[in-house]
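These are my notebook entries on a single chain. I set down what I looked up, in the order in which I looked it up.

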Amino acid sequence: QAAWILAQAMRRGHRAVCFLQVRVMVEIVLQATTAHLEDRPDLQKRVASYRGGYSAEERRRLEQKLFSGELLGVVATNALELGIDIGDLDVTIHVGVPPTV
């Protein structure tokens, strides 16, 4: 469902981030989002994953692409939380409950 919501937000031109707790789920949701956008190859190129394990340089590049508008959608773990101001986004999707409140 998160992948469908992300795809719908992107179809409407909204910059969106989908937060997940587990790294492997990031790749699964990214693949599902891409599948939901199979009729829109232009949008398939504008969604990416962001998770721990990427180099700092790669993470900064993804952040820059998101806030410049080159990327419309990002599927991420909480590794992204410390690097961005979500006030610049149109949509945030949160899957799961944080371990602490």
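**Entry 1: a starting residue**

I began with Val75, which lies in strand β3; helices (H or I, at least four residues) and strands (E, at least two) are DSSP runs, numbered from the N terminus. Before going further I noted that the model is predicted, that local features need pLDDT of at least 70 and side-chain atom pairs pLDDT 80 or more, and that totals for chains, interfaces and linings use all residues. Residues are numbered from 1 along each chain as its sequence is written, and side-chain values use heavy atoms, with hydrogens and water left out.

Is Val75 buried or exposed? I found a relative accessible area of 0%, so Val75 is buried; the term means under 20%, with exposed over 50% and partly exposed in between (1.4 Å probe, protein chains only).

I then listed what Val75 touches, not counting residues up to four places away in sequence: Leu6, Cys18, Leu20, Val26, Val29, Leu30, Ala48, Ser49 and Tyr50. Contact here means heavy atoms within 4.5 Å. I also checked Arg23, which is 52 residues from Val75 in sequence and 9.9 Å away in space, C-alpha to C-alpha.

**Entry 2**

I looked at the strand as a whole. In β3 (residues 73-76), Gly73 and Val75 point one way, Val74 and Ala76 point the other way, and all are buried. I recall that side chains in a regular strand alternate between the two faces of the sheet.

Which strands pair with β3? I found β1 (residues 16-19) joined to β3 in the parallel sense over four bridges, and Cys18 stands opposite Val75. Strand β2 (residues 47-50) also runs parallel to β3, with four bridges between them, and there Ala48 stands opposite Val74. Pairing requires that DSSP find at least two bridges between the strands.

**Entry 2: the nonpolar cores**

I searched for nonpolar cores, defined as sets of buried Ala, Val, Leu, Ile, Met, Phe, Trp, Tyr and Cys residues joined through side-chain atoms within 4.5 Å. The largest has 18 residues, of which Leu6, Met10, Cys18, Leu20, Val29 and Val75 touch the most other members. Two or more residues each come from α1 (2-11), β1 and α2 (23-36). Helix α1 gives the largest share, six residues. A second, separate core has eleven residues, including Val17, Tyr50, Leu66 and Leu71. In soluble globular proteins, nonpolar side chains tend to be buried together.

**Entry 3: helix α1**

Why did I record α1 as largely enclosed by the rest of the structure? I did so because seven of its ten residues are buried, namely Ala2, Ala3, Leu6, Ala7, Gln8, Ala9 and Met10. These buried residues pack against β1, α2, α3 (41-44), β2, β3 and β4 (91-94).

For Met10 I left aside neighbours within four places in sequence and found contacts with Thr33, Leu37, Leu43, Arg46, Val47, Leu72 and Gly73. After the helix comes Gly13, with a positive phi near 85 degrees.

**Entry 4: salt bridges**

In one of them, Arg11 meets Asp39 with the closest N and O atoms 2.7 Å apart. The pair links distant parts of the chain, 28 residues apart: Arg11 is in helix α1 and Asp39 in the loop between α2 and α3. I noted Arg11 as partly exposed at 28% relative accessibility and Asp39 as exposed at 51%.

Asp42 and Arg40 form another, with 2.8 Å between the closest N and O atoms. Asp42 is partly exposed at 40%, and Arg40 is partly exposed at 28%.

I also recorded Glu70 with Lys65 (3.9 Å, N to O).

**Entry 5: the whole chain**

Finally, I counted four helices and four strands, in the pattern α-β-α-α-β-α-β-β along the sequence. Of the 101 residues, 39% count as buried. Among contacts between residues at least 6 apart in sequence, 73% join residues at least 24 apart.

Conventions
A salt bridge is a side-chain nitrogen of Lys or Arg within 4 Å of a carboxyl oxygen of Asp or Glu.
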